[in-house]
Amino acid sequence: MLRARELVYDYPGGRRALAGVELSLAPGELVCVLGPNGSGKSTLLRLCAGLLAPAAGTVELAGRALAPLSARERARELAFVPQSLRALPACRVHDFVLGGRYARFPRLAGLFARAGAGDHAAVGAALAEADAAELGARALDQLSSGQFQRVLVARALAQEARLLLCDEPTAALDPEHQVRVLLLLERLAAAGRAVLVATHELNLASRFAQRIVLLCEGRVVASGPPEEVLRPEVLTPVFGQHLHFARSTGAPARPLVVPWPASDGAGNAGGQ
Amino acid sequence: MGTSELTPPRRAAGPWLLGAALALVWLADFAWALRLGPTRPFSLDEAWRALVGGAPLDATDAIIVRLRALRALTALSVGGALALSGAYLQGLFRNALASPGVLGVTSGASLGAALAIAGLGGFGPGALVESSGRLGPLFVTAFALVGALAVLVPLVFVAGGGGRISVPALLLAGMAVNALCSGLLAAVQSLTLGNFEVARALFAWGFGTLEDRAGWQVALSWGALALGALSIPFVALELDLLAGGDEDAAALGVSVPRVRALVLFVSALLAASAVSVAGQIVFVGLLAPHFVRLVIGSAHRALLPLSILAGGALLLTADCLQRAWLPGANLAPGVVLSLIGAPFFLFLLASQRRELSSW
């Protein structure tokens, strides 16, 4: 589905953001990109979405190179879910989600063509799939953070793309809504989409990701199932000493990683 | 489960009502404009006969009708062009303060025109036309266009050539261009103070003029406005999607550099044509789109065409009011617009603070 090879990207100032990153994603997979602040998670997502052009390396979508595609062609193949918007458009949720249909409108849709019944049906289905059906008639600026995040996912679903790239979808959400968003993304992956999530939430990644890609200073330092990546000897060099390791109860039992002062001692061997 | 998500949203009647009301204002203003002036009022029928054909009028009457009609047509097209230009720039920059004036396009055009006026030695009604035939005004128009393009081309190059210039940077660049052009304009004025004709012409240009517009000038401004209107379907939906930011629009499939370049070019062309035909007329580009937005919202497919109607209505109404109330004063339309527009704008700001901030 998605394959990134040897991606290199430099920030405008010249500092290297990514230095040869490999990534692949199959339909039905939910993969989390983890890493400290500034490790290149968001940059990697933007390169995969075609919003940035790599200095070197390639991104392929279902075997086709991403770079030559037009913006409209890209938007039909993949959907990028931003963390937030620069400004909230003054419109209703339904009309906002309708924006996700843009790449499927006929050219010059601006003045003449109306969104068709099919587009409105797709918006309704997307809102329903994202647990946001009841929000359609609300004004965009009257939503809570959790509701807005679901609406952003709904707009991505309205694009009917097979690949979802989510940039920190749980930032600014309380635990209840964090879990709800991840349950939603898990369901979308189970329905056959490929989902790539950049996040700081180690424990949500542990529970929901089939694979974790761990970035540090622009390089992939570990990649694999949560059990392999969320270990002290892997995480401590990346995130530092202030981590406490444990395991969840219940099935499936998964690693838990909690920020915790190292001076409290004795935590790091726990559970492993 | 609500049902709203499965049924298309209801079509608001608002845009059509506003459009019909503004079209009526155009007609009423035009008929009114034919009645205003030192000699007798004329009817729409007489205007048709003087401008288009039919049973001919008395020669003097025909000239007067023609002048009044051309003045009104100029006001409509210039107001419409400035308003569309302002609506475009406000949408592109997601900034309620954007207007052709802010970007420096108006200043550039004015500077070009001032240089031409100074070079010609005056721009008084009559003097210019008599002394150099049609070459003089054409010269001024051409220079205004050159001045506007001299400001615009670097902007399009920087903003549209794949660059990632930020909106504040662009607005600051516009301020710098404004300051530069104002300084140069002041220099031109200082250097030509000794020449009464030039000083008077530059003063008149400063607040705009609708006096003695020639047929070709009317054609020029309407042609530019038609080009601008033709561009609307190419960018209306795209400007809606740009509300969430350039990157968000790009992710949804909008070709942001193309939209940005087209909108910048068209809005500068509109402003340049307006300035070159009628001088600097303030507030229309800022006020008319805001008025429309407050009535029908910010969906560009309705906002852009209605801004044309609102801008034309605003400028022609201001001109008619000025000529009806102060028949002898011959105030420039910019004066009236400033006097009416500035308090109205402050009132809008105060009463609609929430809408403006959410936008």
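A: Start at the turn. The hairpin of β9(A) and β10(A) has two residues between its strands, and there E217(A) takes a positive phi near 50°. Most residues other than glycine have a negative phi. The model is predicted: local features need pLDDT of at least 70 and side-chain atom pairs 80 or more, while totals for chains, interfaces and linings use all residues. Residues count from 1 along each chain as its sequence is written, with chains lettered from A and ligands numbered from 1 in the order written.

Strands are DSSP runs of E with at least two residues, helices are runs of H or I with at least four, and both are numbered from the N terminus. β9(A) spans residues 211-216, and β10(A) spans residues 219-224. The two run antiparallel and are joined by five bridges. Pairing here takes at least two DSSP bridges between the strands.

Five of the six residues of β9(A) are buried, so the strand is largely enclosed by the rest of the structure. Buried means 20 or more other C-beta atoms within 10 Å, exposed means 12 or fewer, and partly exposed lies in between; C-beta atoms are placed from the backbone.

Take R211(A), which belongs to β9(A). R211(A) is buried, with 20 other C-beta atoms within 10 Å. Setting aside residues up to four places away in sequence, R211(A) touches E29(A), V31(A), S223(A), G224(A) and P225(A). Contact means backbone-placed C-beta atoms within 7 Å. V229(A) is 18 residues from R211(A) along the chain, and their C-alpha atoms are 8.7 Å apart.

Chain A has a mean pLDDT of 89, with 94% of its residues at 70 or more. Among its elements, β3(A) (residues 30-34) has the highest mean, 97, and helix α4 (residues 117-129) the lowest, 91. Residues 268-272 of chain A fall below 50, yet this stretch has 13 contacts in the model beyond near neighbours in sequence.

E6(A) has a positive phi of about 50°. E6(A) sits in strand β1 (residues 2-10) of chain A, and counts as partly exposed because it has 13 C-beta neighbours inside 10 Å. E168(A) has a positive phi near 45°. The place of E168(A) is the loop between β7 (163-167) and α6 (175-190) of chain A. E168(A) is buried, with 21 other C-beta atoms within 10 Å.

β1(A) takes part in an open, antiparallel sheet of four strands, ordered β2-β1-β4-β5 in chain A. Its edges are β2 (16-25) and β5 (64-65), each pairing on one side only. β1(A) and β4(A) (residues 56-61) are joined by five antiparallel bridges. Within β4(A), T58(A) stands opposite R5(A).

Next, the core. The largest nonpolar core has 189 residues, and L165(A) and A148(B) have the most contacts inside it. Such a core is a set of buried Ala, Val, Leu, Ile, Met, Phe, Trp, Tyr and Cys residues joined through C-beta atoms within 7 Å. Helix α3 (residues 59-93) of chain B gives the most to this core, 17 residues. Beyond four places in sequence, L165(A) is in contact with L45(A), C48(A), A49(A), L78(A), F80(A), V81(A) and L196(A).

Finally, chain B. Helix α2 (residues 44-51) of chain B has E46(B), A47(B) and A50(B) as its buried residues. Cover for the buried residues of α2(B) includes α1 (14-35) and α3 of chain B. The face turned away from the buried side carries the exposed residues L44(B) and D45(B). After α2(B) comes G53(B), with a positive phi near 155°.

Definitions and conventions
pLDDT is the predictor's confidence in each residue, from 0 to 100. Two residues are in contact if their C-beta atoms, placed from the backbone, lie within 7 Å.
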